[in-house]
Amino acid sequence: MAETVKDNQGQAPAGPPGGAPGPILGGKPRRVSPRLLGLGMALALAAMGLVSLASGHMPFSAREIFDILVAWLSGSGIDLPENRVMALVEVRLPRLMTALISGAALGLSGAVYQGLLLNPLADPYTLGVSSGAAFGASLVLMAAMFMPPEVISFGPLYPAIGAFVFSSLTLLLVIALASDADRRLSPTSLILSGVILSAILSAGLSFIKYLAGEQVSSIIFWLLGSFQAQTWANFGIVAGFFVPAFLICQASATDLNVMTLGFKSAETLGVNTRRVRLTLLAAASLAASASVAVAGIIGFVGLIVPHLCRLLTGPDHRSLLPLSALGGALLLLAADTAVRAFLPGEIPVGVLTALLAGPAFLVIFRRKMKELIQA
Amino acid sequence: MPDTPTLSIVNASFSHGPRKVVKELDLGFFPGRHYVMAGPNGAGKSTVLDLLSNLRKPDEGEILLRGLPLGAHGPAGLAKSIALAPQSSNFNFAFTVREVVSLGRKPHLGPFGRLGPGDRRAVDEALDRLHLGHLADKSVTGLSGGEAQRVVLARTLAQATPIVLLDEPTSNLDVAQALDFMETLRELAEGGALVVTVSHDLSLAATYAHEIVFMADGRLVAAGPRETTLTPELLTRVFEAEARVSPDDFTGGLTVSFRRAPRAGAQNPRP
């Protein structure tokens, strides 16, 4: 991130233009061309995908991967052991694709939340979407513990449905709480309502964990986030929400740009701010909760990726949204490949992203604070 | 001047909660004129701008644009007709000055927001008018108050609407910039636009406005050409301070000066 060097020398903010501080607050932003960054990330994603498919418990050569994929896509037979083919196309590939699309969903939703809430530090947590999803999934997992196995034949889709239902309910409640008498939705009241509901849901979650007693580990493992045992169906669930959400958000990218100017400016430029806010909140939240539903909670991707993309290429949502999706896909694929193939044991990927992105987040936060103090 | 106003307020009232801030207001605005709306704090001037720009709907009465209620024009239609420069603007993200001014072209663009050559020309012109050329590639988050205000004004001009509403547009500008911008507004009006400015600066109004609208306590006190409205009697009634108005050879307009009214005379100022 050499482009984000800070060059503020403690100048008075009202001083001559030459003394304006670094890229977040002012001065001539040093930007990378969005196309260049997009191309770079796409290439990195392809390379990462190949590395991910090749490495792990059962290694594959690039040649083998190519042959298997071609045979699989064209439906022709291949002269390789069945178990190797299955391992690649039914285990490793769906896992890769689910990690990738989940990362894209988290990156996109983070970028949309940050733009809508006018807060570069917003992400699916801020609105209670993640807490709602976690609460819903845990509720289902706990219910399964107390039911006789005949009543609820426990499959991985049940916690996903719970996550989905509760994150949607949470979002609706947050919007209802945050709407004022004029039916406007202010970013501040949205964040406040989200934080309050999150706190309540977290308490509920703690209660569920307490009730679960010795079986708490299955809940905890789900909460930590993991791409183990992902299927093509899981990929389909996330992709089914991500693709329409992305198209909807991308079509509103200019509206989102205009809305960063504030309510009065946006409305008089012809943007129905309430409608855009509701539509984009719903689209971004559904994409994020689809990802939570299949993979559990993976924090910081939605926060850090859009933030870095904005630092590199500027805040224009027309390029920021696709770049954030691409960046999220890259980060989560890399993290999942690392925990699966290169790190001992298999630590949950959510733990790794938090360990890596948490400190990065702190650095950004400190830098922002410093600039705010200087301004 | 045509006999029907482009934009008119018909018997409009508006309340903030229990407080009625605009009371039975009737007012017509004609193209080619620059109106300055003045009055003490809390007179309801900014609320009137909100009503005119459809940000708020009157509780009673209506606002007509070319004879039709504002709502009937649709958000896109309104944005092509009426631009508003709000008093304060918050820049939360590090867009460049040019990018923000370009957002003023939004009503004229397709869904994916690509600027055509005509849009780029309008943006360049607006940047030029506000002398922002040298700041075009700077981030808006690092600007001074005056620079930020000029960005908002440039964005409003880039919207290229026949009606321009401005809330205290010169409050953060220095003298030369304020004079320069008032001159720009006069040119806009002389080019056929309808300009409505809310301003506290009566000396600028006295020099640059065609028409003055005085409001106090949510009501219209007087409206008309500055020669008939800038009178000591009206000024004293509106601002509750003793006023003097004299022709000014230096500016070619009028000079308004105030002094504090005697305490006891605050209600009925002149013996």
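## Reading a strand and a helix

Student: Which residue of strand 7 of chain B does B:Ile82 stand opposite?

Tutor: In this predicted model, B:Ile82 stands opposite B:Ile163, which belongs to strand 7 of chain B. That pair is part of the link between strand 6 (residues 82–85) and strand 7 of chain B, two parallel strands joined by four bridges.

Student: Which strand is joined to strand 7 of chain B by five bridges, and how do the two run?

Tutor: Strand 8 of chain B, residues 194–198, is joined to strand 7 by five bridges, and the two run parallel. As one example, B:Leu165 has B:Val196 as its bridge partner in strand 8 of chain B. Strand 7, helix 6 (residues 175–190) and strand 8 of chain B together form a right-handed β-α-β unit.

Student: Are the faces of strand 7 of chain B covered or uncovered?

Tutor: The general idea is that side chains in a regular strand alternate between the two faces of the sheet. In strand 7 of chain B, one side carries B:Ile163, B:Leu165 and B:Asp167 while the other carries B:Val164 and B:Leu166, and all of these are buried, so that both faces are covered, with buried meaning under 20% relative accessible area.

Key: Residues are numbered from 1 along each chain as its sequence is written. Chains are lettered from A and ligands numbered from 1 in the order in which they are written. This is a predicted model: local features need pLDDT of at least 70, side-chain atom pairs count only at pLDDT 80 or more; totals for chains, interfaces and linings use all residues. Side-chain values use heavy atoms; hydrogens and water are left out. Buried means under 20% relative accessible area, exposed over 50%, partly exposed in between (1.4 Å probe, protein chains only). Two strands pair if DSSP finds at least two bridges between them. A crossover is right-handed if, with the strands pointing away from the viewer, the path from the first strand over the helix to the second runs clockwise.
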